[in-house]
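Subject: Structure for your set

Hello,

Here is the structure I said I would pass on. My notes follow below it.

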Amino acid sequence: MKVSVDWLQDFVKLSPPYEHIAERLTLAGLEVKKIHPVESPKDCLFEVEITTNRPDWLSHLGVAREVAAVENLSMRLPEVENSKNRQHASGWKINLKEAEGCPYYTGVIVEGITHFETPDFIKRRLEVCGLRSIDMIVDITNYVLLETGQPLHAFDADLIRGKDIRIRRAKAMEKMVAINGREIELAEDDLVIADAERPVALAGVMGGKDTEVTAKTRNIFLESAFFHPRWIRMTGRKFSLASDSSYRFERRVDPEGVDFGRDRVLWLIQKYAKPRFISAVLKAGEKPVQSVGLINLNAADIPKQLGVEIKTHQIHSILTRLGLHVTQESSKGWRVKAPSFRPDLTRSIDLVEEIARIYGYENIPETLPEITPLLSEHHSQVWLENGTRDIMSGMGLFETVTFSLVTRKECGAKDGFDHAVSIVNPQNKELAWMRPSLLPSLLSVVETNIHCGTPDVFIFEIANTYHMISKDKHPKENKTLGMVLSGCWKQKTWLDSSRENSFYDLKGMLLSYFDRLGIRDFMFRSINSDSKFRSEICEQIMVGADIVGVLGEVNPEISRLWDLESKVFYAEVDMGLLLRHIRWVKTFEALPRYPGIQRDIAVIVAEKVKAGEIKEIIKGLGQGLIRDVEVFDLFCGGRIPKGFKNLGFRVTYQSQERTLVSDEIQGLHSVIADQIIKKFQASFQ
Amino acid sequence: MSETIDQVEEQAKLKLDTLNSPEELESFRIAYLGKKGKLAVLMDKLKTLPIEEKREFGSRVNQLKNYLEKAFEAKSEILHRVQKAPELFDETLPAICPRQGRLHPITQTIREISRIFERLGFDVVDGPEIETDYYNFTALNILLDHPSRDAFDTFYTEGGQLLRSQTSTVQIRVMQTKKPPLRIIAPGRVYRPDTVDASHSFMFHQIEGLMVDDKTTFSDLKGVIHLFLRELFGSDVKIRFRPHFFPFTEPSVEVDLRWGSRGWLEILGAGSVDPNVFDAVGYDSKQVQGFAFGLGVERIAMLRHGIEDIRLFYENDIRFLRQF
């Protein structure tokens, strides 16, 4: 809101520099965001931000009241026309049919106005505050709104049919054209002001075109009322209509301000529009009163909450300056009555905040609390996430943070689409799905980086994936680790040659990861049907009986959606499931006491024979003396016949009980080699 | 008696390990793989064997030959390289760096902040992102149909749940399950339907903090927040406490940071926990008191690292990520 300092001067005496006042207001919670000097005539404009709990600040009078409280100054109120001896407006009646929506409604008939030019000071102040001068009557109502915070509306009285003002719910399908020219179709939950025949205003939000005040208007009906905040808010939102009036009504206007604002308008009209007649006030309903009467403020609560002792007379002074009615109950505390413009003050804690605010947050000392150590819960989930991040980045992966919302295309790129959670009011129409997998987001990151000239992308992310269980159940969130390798495993250097990424690199990372976490009971199992992977180039990760994840080469049909031509490898691990299998404390195992002996077996076998099968057979034949079998060589072509491959295994023999001798092992090794030849129809090279 | 295949193999393997120069390697080659080398001798022996033994013997000799040839090549490569190095040493050649990943700057910021609070005995906890109206609004004293709710525009799911617009939801979840005293911080993702630009995003990260016992005061809040900001931004950091309004705290405060030519910048919101919040979780609001705060992780990361566009965090350009 824009506040003119010159206008404030009508109510409180301020002296420059105004930056000082601005800072004092800011430190009292009425934040002055900007200060603009205004030339000829001299003024100073404050742009203030008003929090929703303080509708009383939405006027110059309200801001002046705060200045007076903060600076301990006296206030001067503007002049009003409230003479008791005005005559009744003959024939006019107000019919209040919706007392919840409008608890209190008042109106005055003003006859024989003259449309003089709006006085300069009004024009100028409106302009400084960002309003255009339209017509004297409209200008005066706007002026009083900015001055007192009470919205007012003037109707052309001659255009109101039947001299009958009805505050009622709209009828279904009833229509009205608002002042801004828009035709509105009303419903029964809208509050309207109507005459004998039709709605003439959308109550508290906007007047109607039909009864608008124009240069021809001679007689007006001036409305000043209290509309219920919720009703105004609902209607305003429904029609996406907002006005200076609705903004204030939906935040709650001061019930006492209804009469005061109206009488202030009448004073200005009388002085500047020279009317022939001003009627007595027509009223309906009652001013709403706060249900909270007196608030008990316990003196001991102030230091207990704030951590500072404030002197009794200071507390009394602060509350009084804020317009509160304070009675000393005893030495133990006070009974306090809040004024009508402070509906936000209902509890003792509200008063404590007021005291702190005016006393000055800057004057409250800074202390450090005594902190008793607490038994910390083992937040294993948080620990696992952090540990995983360190392990992943240690292996050369960059951590990404991508949006949890993805497009339908991205979401549908995998087969979890049916169970994805959708957003009904997305900011961007495309990004309307909570991702069921991290794959689409990570592929986008690969794409971005390729466009930016970084073709080798090693990334991971730990974030939730979201899954709908059934329509009526709360969706499930799984903390998920996603990893992507794309491009070269290593680039050529002057020392080494380059190599592409492979499935085995990604799998090796997962093995190292499990090893670091002390997970042993894992197994990789081939799967055939996972549409996100290239057929057969994928595996499931089992730990115990849980399928904790999958890895594989991304299905080229999917990676093509991101314009990715080369191979991309992806792994996804459910961290919640993994958590069950972590060995938090690792148990030491005795180191082998006797040396091992290594022997190699190189065989030529059909291409389809899996290395793992041979490895298992070798192990099985080892009579318990084989500690490890490793594939150290694999090649085909050259001297190897078509359809065959050469596999080299390095077998480590080791015993827990004795040193193995070469002869003993040689015998066993030959037997194993023979068995392999037979079993796999293999041959030695 | 000539040597058996096994003997040749074992000797060769032992010998291989001892080779230290190209010259030694060459004599090894002649001794084993040369025209009159040990393998040639074995091949000669093959001719003398009965037919039924020829096959196996032949294949084993071949296997050994194959192995030794490979081993020779591998060794040769190593020895020649080692040999070349001293002559050609060029310290200006590029070093070979191990590959290193990085943690995202948001993670680094969250960790740094968490570390400070963990030292003060706060536990780091987590909570769901898909929430209900109750946890995001009602229990936090944010009234339905009230303008204060406008500040918390929210994404809704098909099923009528919402994406939390603030990590304050975790306060409620923790207080519902634990009795005071408690000290927690809860980092996480939050969502608000904002148009994405250089300083806004519909998803960002917040850290919520909560300290509750029977005596923590507003002056303690000031002390803890100032201590935190000094640890994060340096001990000469200039801050101010400005009254504000949040539905879930009273008194409420916004904390501003003096940032060079940009003047005062709002850095976090805080306040003493509103009694209505304690009532909502079943605490006795007459017996307990404490403070809560909430801060935007991106905002702090942007200030500390001099990042001017929030979108950089979510693009994950590796040239950006590797700077932190």
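Chain B has an average pLDDT of 90, and 97% of its residues score at least 70. This is a predicted model, and for the complex the predictor gives a pTM of 0.86 and an ipTM of 0.90.

On the contact between the chains: chain A puts in 81 residues and chain B 73. On the chain B side, helix H8 (residues 218–233) of chain B supplies the largest share, eight residues. Sorted by class, that side of chain B holds 21 charged, 23 polar and 29 nonpolar residues.

Next, the cores. The largest nonpolar core has 101 residues, and those touching the most other members are A:Leu8, A:Leu25, A:Val67, A:Ile355, B:Ile225 and B:Ala270. Helix H3 (residues 60–71) of chain A gives the most to this core, with seven residues. Another core, of 54 residues, lies apart from it; A:Ala89, A:Ala154, A:Phe155 and A:Ile160 are among its members. As for A:Leu25, its contacts beyond the neighbours within four places in sequence are A:Leu30, A:Val32, A:Glu66, A:Val67 and A:Val70.

In chain A there is an open sheet of three strands, ordered E16-E18-E17, with antiparallel pairing. Strands E16 (295–298) and E17 (325–330) of chain A are at the edges; each has a single partner strand, so one side of each has no neighbour in the sheet. From one strand to the next the twist averages 30°. E17(A) runs antiparallel to strand E18 (residues 333–337) of chain A, and five bridges join the two. One of the pairings to look at is that of A:Ser330, whose bridge partner in E18(A) is A:Gly333. Helix H11 (residues 348–359) of chain A lies across E16 and E18 of chain A, at about 60° to E16(A).

In chain B, which part of strand E6 (residues 239–246) is buried? Six of the eight residues of E6(B) are, so this strand is largely enclosed by the rest of the structure. E6(B) pairs with strand E7 (residues 249–258) of chain B over seven bridges, in the antiparallel sense. The two strands, E6(B) and E7(B), are joined by a hairpin through two residues. B:Phe246 has B:Thr249 in E7(B) as its bridge partner.

Regards

Notes:
Residues numbered from 1 in each chain as written. Chains lettered and ligands numbered in written order. Predicted model: local features only at pLDDT ≥ 70, side-chain atom pairs only at ≥ 80, totals over all residues. Core = buried A, V, L, I, M, F, W, Y, C linked by C-beta atoms within 7 Å. Buried ≥ 20, exposed ≤ 12 C-beta atoms within 10 Å, placed from the backbone. Helix = DSSP H or I, 4+ residues; strand = E, 2+ residues; numbered from the N terminus. Contact = placed C-beta atoms within 7 Å. Nonpolar A, V, L, I, M, F, W, Y, C, P; charged D, E, K, R; others polar. Pairing = 2+ DSSP bridges. Axes fitted to C-alpha atoms, helices over the stretch in contact; angles between N-to-C directions. pLDDT = per-residue confidence, 0-100.
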